Amino acid sequence: MLKILYLAQDLADPAVRRRVLMLKAGGADVTLAGFRRDANALAAVEGIAPIELGTTRDGRFAQRVAAVTKACLTLPAKLHTVERPDLILARNLDMLAIANRAVGLFGSDVPVVYECLDIHRLLLRQDVAGRAVRASEAYLGRHARLLITSSPAFVERYFRPLSGLDLPVMLLENKVLELHERDAATVAAATMERSGAPWRIGWFGALRCRKSLELLAAFSRHMQGKFEIVLRGRPAHSEFDDFEGFVRNEPHMTFHGPYRSPEELGAIYEEVDFTWAIDFFEEGQNSNWLLPNRLYEGCRFGRVPIAMRGTETARFLAVRGLGLLLDEAGPDNLVSLLGDIDTERYADASRRVAACNSDTWVFGRNDCENLVRRLSAITRSAPEPTAPLSHARQNEGGL
């Protein structure tokens, strides 16, 4: 059984829980260690007792650097009961630094895999600070064996031209984890029994985009009850003056708190018609390049995605003839896109989503096993000369 030490930047991140479940379903023995973010409770992962390395605060880069430094100093004590792993999986740059320290504890032959699913804006700055952070990433990743990322645009726009990393790439999309038999994973079109009910747009997951919140609020007010906005997930309070107060003051917007993924996805997406797959949080950079969890979640349940033209999400949808694409980020533009929606147009859009093979949206047990086999292969072989990231597409391994 492959023994993996998984280092996570936020133990309460639902995506961390999903990755642990994937690795366990694939047959790996996982030890989870990482930071707690603010007051978030630790994620509940069956059979896993996480090792806390400290506390970090959202949006506080200097504090995170201090926390990582302290964790590196205390790591021998934190990991003294941990059996030597076969592989270390480091999620994000913070944890790559700690992974290098862990290699010093367990032995230099323990391979490291770097998992990077967001490109922080500091990495993209062209000043001294940006160059220093990129140099740190290249240095810390110099002995890594594999880079895992979730969008081709991350490779095309950052890792290839800017990062300084020279690693084989595995593309691991943010698909919905489903461990039951695959014949049960068919996608059904949304039902159309409206009876005068308002259309509902669901914005679920990491809620960190003030521009989206204000745009959806202005649109729903303009539509005077014809559309409702349903919010679920974890708000990044550092990005909002008063998230809960803002929502309370909006007549057509509600917030229902966090949810468990994948267990509750079916129930929460059945309550909405559209998926808000737009993020302006780092507009023109990371937000333009990512393929968000909510894209796969909503489409898995036949909901119609709304994306911003010119982004990787829009490109993904356009290739498949899916979704509705917004040309400009203004309430009037959103009215033009959705204001005259009717059941016939919506049903056609939902049927297009449902016609896609479920593998487009779902990561199943066989995929988990293939992932663990790919990671196991790294532990059985010496480091291989890597093709430059300029040739990364031929090395990407979708599972």
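The mean positions of the 50 positive and 51 negative charges of the protein lie 4 Å apart. Lys and Arg count as positive, Asp and Glu as negative; His and the chain ends are left out. Each charge is placed at NZ of Lys, CZ of Arg, CG of Asp or CD of Glu.

This is a predicted model: local features need pLDDT of at least 70, side-chain atom pairs count only at pLDDT 80 or more, and totals for chains, interfaces and linings use all residues. Residues are numbered from 1 along each chain as its sequence is written, and side-chain values use heavy atoms, without hydrogens and water.

Overall values for the protein:

| Property | Value |
|---|---|
| Box of the C-alpha atoms along the principal axes | roughly 65 × 45 × 40 Å |
| Residues that count as buried | 55% of 399 residues |

Buried means under 20% relative accessible area, exposed over 50%, and partly exposed in between (1.4 Å probe, protein chains only).

Contact means heavy atoms within 4.5 Å. Among contacts with a separation of 6 or more, 74% join residues 24 or more positions apart.

Now to one residue. Glycine 302 sits in the loop between α10 (293-300) and β13 (304-308). Helices (H or I, at least four residues) and strands (E, at least two) are DSSP runs, numbered from the N terminus. Glycine 302 counts as buried because its relative accessibility is 0%. Leaving out residues up to four places away in sequence, glycine 302 touches Val187, Ala188, Ala190, Tyr346, Ser350 and Val353.
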